Structures are given as structure tokens and as C-alpha cells.
Amino acid sequence: MNEGIGHCPIDARLQHMLSEPLVITVSFLYLGLLFAIAYWADRRADSGRSVIANPTVYALSLAVYCTAWTYYGSVGRAAATGIGFLPIYLGPTLAATLWVFLLRKMVRISKSQRITSIADFVSSRYGKSHLLGGLVTIIAVVGVLPYIALQLKAISSSFSILIHYPEVMLPGSAITLPVWQDTAFYIALLLAAFTILFGTRHLDASERHEGMVAAIAFESIVKLMALTAVGLFTTFWLYDGFGDVVYHAQQAGHLKTRLIPEGSANTWFSFSLLSALAVVLLPRQFQVAVVENSGENQLRRAIWLFPLYLLLINLFVLPIALAGQLQFAGIGVDADTYVLTLPIAHQQQWLALFSYLGGLSAATGMVIVETIALSTMVCNDLVMPGLLRRWRYQAASMDISRTLLLIRRGAIFVVLMLGYSYFRLAGEAYALVAIGLISFTAVAQFAPVMIGGLYWRGGTRSGALAALSAGFLVWIYTLLLPSFAKSGWLARDFLDLGPFGITLLKPQALFGLEGLDEISHCLFWSLTFNIGAYLIVSSMRLPNADETTQATRFVDAMKHSRPIAASLWRGSAQVADLINLTARFLGEDRARESFTDYFSNERNLDDDAELPADAETVEFAETLLAGAIGSASARVMVASVVQEEPLGLDEVMDILDEASQIRAYSYELEKKSRELEAATAELKAANIKLLELDHLKDDFMSSVTHELRTPLTSIRAFSEILRDDPKIDLAERKRFLGIIVEETERLTRLVNQVLDLAKIESGHAVWTSSEVDLVEVIRHAIDTSGQLILDRGGKLHHRIAVESALVWADRDRLMQVMLNLLSNAAKFMAKEAGRVDIELRQEPALYRVMVQDNGAGIPREQQTIIFEKFRQGSTNSAHPMGTGLGLPISREIIEHFGGRLTVKSTPGKGAIFSFELPCATCGAANPSEKTGQEA
Amino acid sequence: MAKKVLIVDDELNITISVEFLMRREGFDVSVAKDGEEGLSMIRSWMPDLVLLDVMMPKMDGFEVCRTVRADASLADVRIVMLTAKGREAEVEKGLSLGADAYIPKPFSTSELVSRVKSLLETGT
């Protein structure tokens with residue numbers, strides 16, 4: 001049966017340790033364990049403690065990407081081409097960085113539309129077309145069948161190899177055996193049964209297969225551990241680390257060309273691109289990455305964890321490949337089997353068994369998920385449309401949900417049998433890697449319509465159909481048919497010479513394009529025709545109503561938290577009809593439960609089936625059905641129970657316009673509300689300011705009261721003393737009366753100044769403005785208060801450098817300022833040898849007046865305070881009899897005429913008060929223009 | 001021995017009148033012109049009673065009162081706050097800081113004298 005290709009020294013005691021019954025038992029135990037995990041995860045999910053909500057489990061489930069093709073094939077490819085196996089993992093790693101945008105959007109759309117498969121996704125995007133869904137399904141099935149065949153081949157080969165332990169004996173051609181003696185056949189049957197158990201417990205495909213995902217994640221761990229175990233054994237047990245393996249390989253001459261990648265940069269680029277696309281577009285990848293996704297935030301961990309997984313699983317590929325070549329040099333052991341044959345050759349039976357289990361897990365994981373995904377597509381997009389047509393003429397039995405389950409189970413069985421058939425027919429034609437790449441190239445045809453559909457509104461159903469057909473046909477012509485020819489089922493002539501001898505049409509050198517490997521060649525031409533057809537055919541007509549509706553839902557998916565497009569439906573329906581319809585597909589209980597939930601949670605209504613359904617309810621029913629039978633079928637089914645009035649494109653555009661108007665309007669509203677917020681903030685600030693002002697006024701009043709009470713206190717006290725005690729001697733009596741008079745004057749001054757300041761501040765002051773000569777004002781002020789300085793023993797000096805100094809001002813007010821400054825100077829000048837200096841200067845466009853004393857000066861921290869009300873400069877001597885309002889009033893006056901009043905002082909060296917006023921004759925703008933407050 | 005009364009106020013005319021009133025009652029009187037000077041005289045001269053203004057340069061009356069009350073050796077010193085700030089809140093503040101009386105300006109001379117006398121004789 002099997003041809004012994006080579007063997008190693010046999011240890012008699014170990015013979016038959018890995019007998020056929022043992023390997024079969026272990027395989028069953030392993031599958032049983034998987035089922036137990038799935039069962040456990042399903043149970044947890046039912047009780048609301050989902051295991052797959054964990055982002056790590058999600059990332060591990062994505063590793064279903066690594067199939068037997070990775071497990072066995074990478075080593076094979078490494079043996080042939082050095083690091084040529086890497087692009088298959090480089091592509092997904094690079095693509096992972098784009099997942100934040102691309103995959104997140106797909107997930108968002110799929111959740112809101114209850115997308116069940118990649119066929120459903122494409123069909124839904126282009127107006128829920130059955131035809132399109134069917135085409136995608138056919139491409140997927142045809143494209144992926146070889147890939148499933150490959151997994152069956154891997155399991156059956158590894159099984160055959162293992163049971164011959166400790167001999168290294170490669171299986172012969174299975175095709176020579178009758179089917180009932182072929183292990184692969186039984187494996188296919190077993191996997192079909194297993195997948196049916198896993199995948200069709202519930203009907204609603206959009207409901208996640210939690211158990212399956214948990215089992216897949218577990219399988220990812222097993223295959224990684226197994227491959228790593230073999231790698232560690234090879235690298236560190238057989239050799240002394242990576243360097244040692246490479247050294248030996250070099251010595252043996254295996255390394256000369258191996259590590260340098262064979263093929264051109266084109267090959268690397270196209271393989272990376274292919275695998276970057278395949279990691280999302282393969283039906284099983286779409287299933288785990290999108291359909292089974294349970295939360296967008298899971299992507300964040302997957303973005304780095306999945307590439308890390310790929311890195312780890314490839315870590316030992318090269319050492320194993322090199323060690324295998326060293327071990328089996330000249331014996332002709334297939335490099336694809338090194339992972340298994342290396343442990344066998346070294347009599348590591350348990351490691352061999354573990355390695356076999358790793359391969360088994362890689363293969364079963366792929367087969368289970370792929371078949372579930374394909375069966376959903378076959379059921380919803382190929383079988384359902386036919387059934388729906390039949391049911392139009394002939395009432396269906398009430399129990400459609402059972403029918404659907406049967407269809408889906410049948411589809412699983414058929415897909416696996418087709419895979420087996422392909423294995424029987426073509427399994428020997430190609431190395432493992434080639435088969436995988438053929439599948440990748442097939443699903444890459446989905447990329448333009450998928451990615452284009454996510455970002456371009458202009459794509460139409462016809463465009464998508466043309467794109468997929470063109471790409472698929474080119475794929476068949478340049479890759480599938482040649483592979484048939486190479487397998488000997490077709491005459492090679494058309495491959496070598498071109499059809500009918502036309503060399504320009506040679507399948508693998510189309511239009512004279514030579515020098516590329518067959519995969520890059522196919523990828524180039526198929527995508528060129530695909531994208532070209534998509535763009536050209538799409539632009540031949542505008543999208544119709546349905547396409548526009550769906551385009552909006554897809555392209556704008558990230559803009560709305562809820563789809564806006566529920567309004568894109570018009571018609572009439574009864575809720576009862578909708579419930580009955582869904583009940584036929586989902587079962588009475590689930591349908592009723594879903595609707596009750598919907599009415600009470602989403603719409604806040606009591607369930608009332610008698611109500612006519614509105615657009616939103618119809619939309620809900622359709623989405624609910626879509627989860628079970630796909631969006632296109634759901635559309636047809638719902639249409640059968642509602643009287644829809646089809647919307648024209650104009651109307652759809654109107655509604656979308658309205659929606660965008662609503663968006664614009666809500667943008668306006670947001671803007672308004674921001675403006676309101678700003679206004680509120682301003683009001684608040686104003687209010688705080690008012691409160692502050694109020695507080696200031698309060699303080700002012702309090703200060704005024706205080707200042708009024710102080711002289712009043714003295715006046716009252718001395719009045720009472722004089723009244724109560726007539727015997728006070730005359731001198732004292734005179735002194736006390738003097739104080740009373742003095743305090744009364746102070747009181748009068750205070751009252752006048754408070755009123756004055758209040759008037760100025762409120763803008764009610766009367767200003768009599770005219771051209772005033774500062775020189776005259778200063779001389780007059782000196783005449784008036786010079787005596788005061790002389791009385792206090794001081795001297796007054798002045799320096800007036802100009803003949804006249806005309807300013808625009810109120811003469812009496814200016815006089816008030818001068819007198820205030822002079823009396824202050826007199827008050828604060830030195831007690832001994834007091835001196836006050838007055839100076840008038842002309843500066844560019846202004847006059848400056850300075851009043852300097854030689855007193856104690858004003859500390860820096862008080863230099864601003866003294867211009868505030870009631871804040872007099874303190875002195876160590878007796879309290880100066882000021883009101884604390886002189887300087888504030890003076891400043892108000894000077895500023896009123898466009899000038900400034902400031903102080904400069906060095907403590908201990910006196911103070912200089914100076915004010916400046918614009919020169920009235922210097923050609924500057926007449927300052928009175930500014931003084932709009934004049935009453 | 002005559003009781004000692006310290007007047008702390010920055011208004012010259014007010015201190016003149018209050019000093020006259022206190023001397024007429026036979027008390028031993030001293031005058032301080034601001035808070036700091038007042039506080040140091042309280043410590044050095046140990047008056048029986050202080051007539052304390054609130055709004056003063058350097059250290060205000062509240063601060064002086066707080067400092068005195070924080071010093072156990074000055075526990076016997078009676079404090080009468082004497083101020084033109086007559087708002088309720090300020091009266092409360094003065095009393096809560098430990099002043100024995102709070103007399104708003106302008107005061108009645110006879111009332112001031114009787115409050116001072118009663119505080120010195122009976123402690124109330």
C-alpha cells in the first residue's frame with residue numbers, strides 16, 4: 001500500500017508503539033476535547049459570561065489563518081525557497097495596521113445589517129442582489145475547495161506517516177485506493193459530522209458561534225505549541241541553537257542559495273498583497289474577524305497580538321527546514337512532512353504524536369470554520385433564492401426553520417465531499433503552497449467590490465457583477481485551467497502554445513506578459529480586469545434607489561450610530577404579518593421574543609400586533625430575517641408580506657438630501673448651542689463681574705461710612721465732653737472746639753469728594769472744556785497753596801520751560817488736580833527742610849507736569865494702591881487729614897482728557913507725581929473728540 | 001492703684017478725646033498709634049483694659065485681639081473693640097475673637113465710660 005521511501009535504524013522495542021488504534025483514539029479524544037470546549041463556551045454564553053468577548057480569544061481565533069498549509073507547508077516552502085515563505089505572514093502583519101479603519105468599518109456595518117457572510121456583505125452593499133451573492137458564493141466555493149482538499153490531504157498523510165512509526169514512510173498515492181479504504185474519506189465524513197454539530201445548533205447565522213470560536217482559539221494555541229515544541233527539539237536538542245543549524249547546513253551546501261529569496265521583488269509584493277487581502281476576505285477569515293466579532297474594541301488587541309502570533313509560529317520554520325534537509329539528504333522525504341518526520345526519525349514518539357495533533361488542529365480548525373462559512377453562503381445565496389421562487393407558487397410547509405437547518409447541514413456535507421473529490425482528483429498535482437495561493441488569488445477578486453464599496457458611492461450592482469465575473473474568469477483561465485493541464489486532465493498544448501496556437505493568449509503569459517511567476521501573473525491580470533470592469537461598468541449608469549440606499553448605509557457607516565436609512569421605505573404592512581413571517585424562519589418563540597424586545601426596548605411601545613408597521617419596524621423585521629437567510633432573501637421575503645410602494649431614485653436622493661440637511665441642520669443646532677454656551681459663559685462672567693462691582697460698591701459704601709464715622713466720632717465725643725463738663729478750662733475748651741471745626745471741615749470735604757467721584761464715575765460730571773494754558777494753571781495753583789508749604793516750613797521751587805502750554809481741558813478740574821498734588825506734597829514732604837519741586841516740560845505731542853517732594857517716599861507695593869479709593873499712603877507721623885479720594889479723582893480727571901497720572905518713587909528719596917496731557921496745538925487729534933461723556 | 005487703660009487708635013483726634021475721658025475717670029492712660037505699637041505696649045505695660053480700633057495701619061485690631069487672646073499670660077487683659085466698622089459681621093467677628101465688648105463709632109461718651117468702668121470693676 002505504502003511505498004517505503006527511507007527508514008532509520010529501528011529499535012524493535014519501540015515498534016508498534018504508535019499503533020493505528022492508538023492514533024485514532026487520540027485523534028478522537030482530541031476532537032472530543034474540542035467539542036467539550038465548544039459546549040462549555042456555548043453554556044457560558046447562554047448564561048451571559050461569554051468567553052469570546054475576551055479580545056485575546058478573538059485574536060487567537062483570527063489565527064485560524066494558519067492552516068495545515070502553514071503548519072506543514074511553510075517548512076516545505078522554506079526548504080525550497082529559503083525565506084520565500086515569509087510574505088504570506090508579512091502581508092497580514094502590514095495589513096493589521098489598516099484594520100483600525102477597514103475592519104472596524106466592516107464590523108460596524110455587519111452588526112447593523114446582520115451580515116452573515118462575505119457573500120451577504122457584497123450582495124447587501126449593491127442593493128441586496130441575489131445574483132451577486134450567488135456569484136460570490138460560487139467564486140468562494142470554487143476558489144476554496146482546493147484549500148479544503150489540502151487540509152484533508154494533510155490530515156490523511158500525517159496519519160499514514162504516524163502509524164508507520166518508527167519508520168519514516170511516506171504515503172503513496174491515495175487515488176489508487178478505493179474510496180472506502182481511503183482514510184481521507186473517513187476524515188471528511190467525520191469532519192462533516194463534527195462541523196454540523198458545531199455550526200448548526202442555531203439557525204441565525206448572525207448569532208455568533210461562541211463555542212466554535214472558543215474551540216478555534218484553543219486550536220490556535222495547540223498548533224503553536226506543537227510547532228514550537230518540534231522547533232525547540234530540532235534547534236536545541238538535535239543542534240546547539242540557530243547558529244549551529246545554519247552552520248551545519250552551510251557545511252552541507254544546503255544554504256548557498258536557500259536564504260536568499262528566490263524570485264523577484266514582484267513575487268514578494270504580490271504574495272504580501274495576496275495574503276494581506278486573504279486574511280480578511282477568505283470566507284473563514286471574514287467569519288471569525290467580522291461575523292463572530294463581539295465588539296469593535298477587540299480589534300485593538302488583535303492588531304498587535306495576531307501579527308505576534310504569526311511571528312512566533314514562523315520562528316522555527318527555517319531551522320526545521322534546514323535540519324530536515326540535513327537529516328533526509330538524498331532520501332527523498334517530502335519537505336512538507338519534516339515537522340512530523342523529524343521527530344519520527346529521532347524516535348521521539350510522543351513529540352511525533354504531539355506534532356501530529358498540532359497539524360490536526362491546524363487542519364480541523366480551518367475546515368470547520370471554512371465549511372460553516374461556505375454552508376451559510378450556499379444556503380442563503382444559492383439555495384434560498386431557488387426555494388423562494390418555488391414558494392411563490394406553492395405554499396411552503398410551516399416549519400421552514402427546520403428546512404433551513406437541513407439545507408445548511410446538507411451544504412456542509414456537500415462542501416466537504418466536494419473537497420474530498422477535489423483531493424481525489426487533483427490532490428497530487430501541486431505542492432501544498434501552490435494550492436493555498438490559488439485560493440488566495442480567487443478570494444482576492446472580492447477586494448475591489450468590498451473595499452471600493454466601503455468608500456465609493458458610485459459602485460453599482462452591474463459594476464460589481466462585471467468586476468467579479470471578469471476577475472473570476474481571468475483566474476480560471478490563467479490559474480485554474482493551467483493547474484488542470486499540469487495535472488494532466490487537459491492537453492498541455494493550450495498552456496504551452498496558447499489556445500488555437502495564439503501565443504498572445506497563452507494563459508500564463510497573457511498578452512505577452514512574461515517573467516512573472518504564475519500567481520503574480522494571475523493576480524496582475526485578474527485584478528486589472530476586475531477593477532477595470534468595476535469602474536467602467538459602474539460609471540455607465542448612476543446607482544439606482546436600492547444601490548444608493550445601501551451605498552449610504554455602507555459608506556457613511558461610521559458617521560451614524562444608528563442607520564438613518566430606515567426612512568428609505570414606504571408602504572404598508574401589519575405587524576402581525578411580519579411576526580408570522582419571521583416565525584416561519586426563526587421559530588414561533590424566538591420571533592415573538594425578538595419583537596417583544598424590540599417594541600418594549602427600542603420603541604417603548606406595548607406589543608400590539610394589530611398596528612400597521614412603520615418603516616422602522618419593517619426594517620427591523622428585515623434585519624432579523626437577514627441574520628437567518630441573508631439580506632437579499634430577507635428583502636424578498638419581507639416584500640412578500642408588505643405592500644411596498646417602490647421609491648424612485650429621485651425620492652431616495654431627496655430623502656438622503658433631507659438626511660444630509662438634517663445633519664447640516666443638527667450641525668447648525670450644535671453650532672447654535674455652542675454659541676449659546678459661549679453666551680451663557682459670557683453672561684456668567686458678566687454676572688461675576690457685576691457681583692464683584694456690587695461687592696466693590698459695598699466696599700465703597702462701607703469705606704465711605706467708615707470715613708464719615710471717624711470725624712463724627714471726634715465731633716460727638718468732644719461735643720459731649722464740652723456739654724457734660726462746664727468746668728473745663730478755657731484753653732482746653734478752645735482746643736476741643738478747634739478740633740470739632742477741623743473735623744467738620746474734613747467731613748464736608750469728604751462728602752463733596754464722594755459726590756464728585758460718584759459723578760465722574762457715573763459719567764454725570766459736568767465738564768467745561770476749552771483750551772487751557774497749563775502754565776497759567778500751575779502759577780495759580782502755586783499762588784493758592786504755596787503758603788501751605790511755607791507754613792509747614794518747606795520751600796517751593798518751579799521750573800517752567802515753556803511760554804505757554806495749551807491743552808484741551810476743564811480749567812477748574814485741572815486746578816483741582818494741581819491743588820491735590822501740591823497739598824499731598826506739602827503733607828508728605830520732609831519735616832525738616834521740606835522741599836517741593838514743580839516742573840513743566842514739553843515732550844513730543846504732549847506736556848508733562850511733575851510734582852516732586854523730598855519726603856519718605858512710597859513703597860513699591862503701595863504705588864498702585866494709592867490710586868484706589870480710601871487707600872491713603874501711611875506715614876509714621878500723625879494721621880494725614882486726607883480723605884483718601886484725592887488721587888483717584890485726579891486720575892479720573894487726567895484720564896478724561898486723554899492723559900495719564902503716574903507716580904515714581906524710591907523709598908527714602910521722596911515721590912514724583914507726574915501727569916501728561918496731549919498738546920492742543922501740536923497737530924495731534926483734538927482730544928475732546930474722545931470725551932463723549934461730556935454732559 | 002489706678003487701673004491702666006491703653007488706647008490704640010490711629011486717629012489723633014479720637015485718641016485725644018478718649019484719653020481725656022479716661023483720665024477724668026482716674027485711670028492711668030497710655031496711647032498707641034497703630035496695631036504693632038499697641039501689641040508691644042500690651043506686652044510691656046500690661047494694661048487692665050485696651051480700647052482697640054479696628055482699621056489701623058501695620059496691624060489691624062482683629063489681629064491684635066487674636067494675638068492677645070492666644071497668649072495665656074495676657075488672659076486678664078480686657079479688650080474693648082472700638083470701631084467705625086459697624087456691620088453685624090464685624091461685631092460678631094470681634095466678639096468671636098475674644099473681645100469683651102464691641103462699641104461702634106461714633107459712641108456716646110457716657111456709655112463708653114460706663115462700659116469701661118463696669119468691665120474693670122466686675123469683669124462684665
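Trainee: Which residues is Leu281(A) in contact with, leaving aside its neighbours within four places in sequence?

Mentor: This is a predicted model. In it, Leu281(A) is in contact with Ile118(A), Phe286(A), Val443(A), Ala444(A), Phe446(A), Ala447(A) and Met450(A).

Trainee: Where does Leu281(A) stand in the largest nonpolar core?

Mentor: That core has 206 residues, and Leu281(A) and Val122(A) touch the most other members. Helix 16 of chain A, residues 349-393, provides the largest share of this core, with 21 residues. Another core, of 45 residues, lies apart from it, and Leu757(A), Ile893(A), Ile894(A) and Phe915(A) are among its members.

Trainee: What tends to happen to nonpolar side chains in general?

Mentor: In soluble globular proteins, they tend to be buried together.

Trainee: Let us turn to helix 5 of chain A. Which of its residues are buried?

Mentor: They are Leu103(A), Met106(A), Val107(A), Ile109(A), Ser110(A) and Gln113(A). Around the axis they cover an arc of only 170°, so they are on the same side of helix 5 of chain A.

Trainee: What span should helix 5 of chain A have, at 1.5 Å a residue?

Mentor: Its 12 residues, 102-113, should span 16 Å, and this agrees with the 17 Å between its end C-alpha atoms. After helix 5 of chain A comes Arg114(A), which has a positive phi, near 55°.

Trainee: Is Gln347(A) buried, exposed or partly exposed?

Mentor: Gln347(A) counts as partly exposed, because it has 16 C-beta neighbours inside 10 Å. A residue would need 20 or more to be buried.

Trainee: What about Ser631(A): is it buried or exposed?

Mentor: Ser631(A) is buried, because 30 other C-beta atoms lie within 10 Å. The residue belongs to helix 27 of chain A, residues 631-641. Leaving aside its neighbours within four places in sequence, Ser631(A) is in contact with Gln113(A), Asp120(A), Ser123(A), Ser124(A), Lys128(A) and Ala626(A).

Trainee: How many residues apart in sequence are Ser631(A) and Gly133(A)?

Mentor: They are 498 residues apart in sequence, and 9.4 Å apart in space from C-alpha to C-alpha.

Trainee: On to chain B. How many helices and strands has it?

Mentor: Chain B has 5 helices and 5 strands. From the N terminus on, its elements run β-α-β-α-β-α-β-α-β-α. Of its 124 residues, 43% are buried. Among contacts in chain B between residues at least 6 apart in sequence, 60% join residues at least 24 apart.

Trainee: Where in chain B is Met46(B) found?

Mentor: Met46(B) is found in the loop between helix 2 (35-45) and strand 3 (49-52) of chain B. Met46(B) is a residue other than glycine, and its phi is positive, near 50°. With 13 other C-beta atoms within 10 Å, Met46(B) is partly exposed.

Trainee: Which residues does a cis peptide bond join?

Mentor: A cis peptide bond joins Lys105(B) and Pro106(B), with omega about -10°. Pro106(B) is in the loop between strand 5 (101-104) and helix 5 (109-122) of chain B.

Trainee: How many residues does each chain bring to the contact?

Mentor: The contact takes 16 residues from chain A and 18 residues from chain B. On the chain A side, helix 28 (649-724) and helix 29 (730-762) each supply at least two residues. Helix 28 of chain A gives the most, with 11 residues. By class, this side of chain A has 6 nonpolar, 6 polar and 4 charged residues.

Trainee: Last topic, confidence. What are the scores of the model?

Mentor: The model scores ipTM 0.91 and pTM 0.59. Chain A averages a pLDDT of 78, and 83% of the residues score at least 70. Over residues 1-15 of chain A the pLDDT is below 50, and this stretch has 33 contacts in the model beyond near neighbours in sequence. Chain B has a mean pLDDT of 87, with 97% of its residues at 70 or more.

Terms used:
Residues are numbered from 1 along each chain as its sequence is written. Chains are lettered from A and ligands numbered from 1 in the order in which they are written. This is a predicted model: local features need pLDDT of at least 70, side-chain atom pairs count only at pLDDT 80 or more; totals for chains, interfaces and linings use all residues. Two residues are in contact if their C-beta atoms, placed from the backbone, lie within 7 Å. Helices (H or I, at least four residues) and strands (E, at least two) are DSSP runs, numbered from the N terminus. Ala, Val, Leu, Ile, Met, Phe, Trp, Tyr, Cys and Pro count as nonpolar, Asp, Glu, Lys and Arg as charged, and the others, Gly among them, as polar. The expected span of a helix is 1.5 Å times one less than its number of residues. A residue is buried if 20 or more other C-beta atoms lie within 10 Å of its own, exposed if 12 or fewer, and partly exposed in between; C-beta atoms are placed from the backbone. The arc is that of the directions from the helix axis to the C-beta atoms. A nonpolar core is a set of buried Ala, Val, Leu, Ile, Met, Phe, Trp, Tyr and Cys residues joined through C-beta atoms within 7 Å. pLDDT is the predictor's confidence in each residue, from 0 to 100.
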